[in-house]
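Here is a short walk through one structure.

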Amino acid sequence: MGKKKLVVLTGAGVSAESGISTFRDSNGLWENYRVEDVASIEGWYRNPGLMLDFYNTRRRELGTVKPNAAHIAIAELEKEYDVTVVTQNVDNLHERAGSTRIIHLHGELTKVRPEDRCNDRDGFSEESVFDIGYGEIHIGDLAPDGAQLRPHIVWFGEAVPKIEMAINAVERAGILLIVGTSLQVYPAAGLFRYAGYDTPIYIIDPKDVPVSDPRITHIRNVATKGMEDFKKILKSK
Ligand code: OAD
């Protein structure tokens, strides 16, 4: 028999204990920046330099932090389960913790692409995407096709090309685990609704969760401790 399918949907909360700010908690990124300036396609057309600075800073910070025990615990689930991580995070901490199947719904901080290449349904025209590690891009940094480089990030106002891949994974999940997301941003926030009617859903978050559904068990804890609780629940089954 194959391994049971476990899908893990993560948000900024899974990386909080690594030292990356979440968006909507107090002192989160959206208290200090305007979303429409740094995370919308209109912001890019208005002031691309400001946006490049914002992502250059995020990228530099990413080079200084490490995966935490929650990322590692999620990667270790692969020993016993067929795990797909669907993450809203643009950091690379799941990869660095050892997870092997990761769907980045909102793009990846360490990658850039020419601004004239849109997020197509085949996964962002992957051939035009460059890995720049923790480096910077500036106005005037051009791709081989002569277009300005932009962060490989899904902004508000843009399509989410990998959503169908994520829906397929959730539909097939035997267990769905959700870690550290406020479930405020669609379409990611609606993904859990695609889980089977008898699929158990666990949500790890220290705060109240905004959804109620008979399939949901709320593990009210931070990600690192919540993953310990979750592993105990799996063992007791
Ligand atoms: P949010 O900042 O909206 O939510 C973070 C969630 O993590 C909240 O529910 C917190 O209670 C929880 N949290 C905080 N600390 C935690 C910890 N140590 N352990 C576990 N949970 C913790 O972040 P997201 O839901 O990821 O998109 O935000 C979704 C999207 O909105 C992001 O991908 C980003 C943002 O705008 C784009 O920029 C396109």
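The shell around the ligand holds 10 nonpolar, 8 polar and 5 charged residues. Here Ala, Val, Leu, Ile, Met, Phe, Trp, Tyr, Cys and Pro count as nonpolar, Asp, Glu, Lys and Arg as charged, and the others, Gly among them, as polar. Of the 23 residues around the ligand, Phe-23, Arg-24, Thr-181, Ser-182 and Asp-205 come nearest.

This is a predicted model: local features need pLDDT of at least 70, side-chain atom pairs count only at pLDDT 80 or more, and totals for chains, interfaces and linings use all residues. Residues are numbered from 1 along each chain as its sequence is written, and side-chain values use heavy atoms, with hydrogens and water left out.

Now look at single atoms. A polar side-chain atom of Ser-182 sits 2.5 Å from a ligand oxygen atom. A polar backbone atom of Ala-223 is 2.8 Å from a ligand nitrogen atom. Taken alone, the ligand exposes 800 Å² (Shrake-Rupley method, 1.4 Å probe). The protein buries 93% of that.

Next, the backbone. Most residues other than glycine have a negative phi, and most peptide bonds are trans. Leu-183 has a positive phi of about 55 degrees. Asn-27 counts as exposed (over 50%), because its relative accessibility is 53%. Finally, the peptide bond from Tyr-186 to Pro-187 is cis, with omega near 10 degrees.

Conventions: A residue is near a molecule or strand if one of its heavy atoms lies within 4 Å of it. A polar contact is a pair of N or O atoms within 3.5 Å; within protein, one must be able to donate a hydrogen and the other to accept it, and residues adjacent in sequence count only if both atoms are side-chain atoms. Buried means under 20% relative accessible area, exposed over 50%, partly exposed in between (1.4 Å probe, protein chains only).
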